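This report describes the salt bridges and the ligand surroundings of one protein model. The sequence and structure are shown first.

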Amino acid sequence: MSRAFIIAANWKMNKGPHEAEVFFEEFLKGTERFENYLFFISDINLHVAQKYLPQNNIGWGAQNIYFEEEGAFTGETSAKALSEFGATHVLIGHSERRQIFNESDEWVSQKVKVAQQFALTPVICVGETWPERQAGETQKIIIKQLKASLQRADLSQKIIVAYEPVWAIGTGQVASVEQAVEAHKTLRQALNQLKPDLGEITSILYGGSVKPENAKELSDPKDIDGFLVGGASLSPQGLAGIYDNSSF
Ligand code: PEP
């Protein structure tokens, strides 16, 4: 069964609206093959995504939402507002949210639920820390995170999963192809346990220090369906280079 190959950019808390405009002007000139890209950019730049991306059929959205529909939650963004604004996707449970903002699997599952209620496709991040990998707990941790994150999900709707070993994010220390494939197979099996064939139809992305130089070997295995890219997505050349070097 074929799954979509996706290259998702996570700009994190980088760029202001002007830099975002400059990026999209250059990026959109450089390629005509847009359907594989997704952009997760900070809320202050979402109007720039709204201006440039829908007419090119590029998916886009926020890097986080709150799980309540509306109310007294100062500083938060709702799935309802994000969807009304035109976003198509939302990043949920990134390790920086889990670690810096103490986001739990319970919260992640509530965010997945509300995203789906408002027709946003959730990109759900899971991944182990270095001490967890060293303790031989990688498989256990990522299965637990995945299942807990999906406990309220409507599995008949599309989801995307990103395997992001925490130790590989922003460190330059990329997972080996074997490590990535093993984790992706584990996640696919866990998805199949939740619903028959769910693992076969769900794109599972790898994230963690992906660059144009390592995109080919990481995209070769059939279990790796694309990338979630931080640092290298900040330049049009970096992102397009990953696309150009990927085999899919
Ligand atoms: C990320 O932020 O999800 C990420 C994978 O970052 P980087 O590509 O910089 O490691």
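A network of salt bridges links Arg 3, Lys 185, Arg 188, Lys 222, Asp 223 and Asp 225; a salt bridge here is a side-chain nitrogen of Lys or Arg within 4 Å of a carboxyl oxygen of Asp or Glu. The structure holds 16 salt bridges. The model is predicted, so local features need pLDDT of at least 70 and side-chain atom pairs count only at pLDDT 80 or more, while totals for chains, interfaces and linings use all residues. Residues are numbered from 1 along each chain as its sequence is written, and side-chain values use heavy atoms, with hydrogens and water left out.

| Pair | N to O distance |
|---|---|
| Lys 51 and Glu 21 | 3.3 Å |
| Asp 105 and Lys 144 | 3.4 Å |
| Arg 152 and Glu 106 | 2.8 Å |

Asp 105 counts as buried, at 13% relative accessibility, whereas Lys 144 counts as exposed, at 54%. Arg 152 is partly exposed at 33% relative accessibility, and Glu 106 is likewise partly exposed at 33%.

**The ligand and its surroundings**

The ligand is surrounded by 14 residues, the closest being Lys 12, Glu 164, Gly 170, Ser 209 and Gly 230; a residue counts as near when one of its heavy atoms lies within 4 Å. By class, this shell has 4 nonpolar, 8 polar and 2 charged residues. Ala, Val, Leu, Ile, Met, Phe, Trp, Tyr, Cys and Pro count as nonpolar, Asp, Glu, Lys and Arg as charged, and the others, Gly among them, as polar.

Oxygen atoms of the ligand lie 3.1 Å from a polar side-chain atom of Asn 10 and 2.8 Å from one of His 94. A polar backbone atom of Gly 170 is 2.6 Å from an oxygen atom of the ligand. Taken alone, the ligand exposes 290 Å², of which the protein buries 96%.

How values were computed:
Buried means under 20% relative accessible area, exposed over 50%, partly exposed in between (1.4 Å probe, protein chains only). A polar contact is a pair of N or O atoms within 3.5 Å; within protein, one must be able to donate a hydrogen and the other to accept it, and residues adjacent in sequence count only if both atoms are side-chain atoms. Accessible areas come from the Shrake-Rupley method with a 1.4 Å probe; for residues, only the protein chains shown count as cover.
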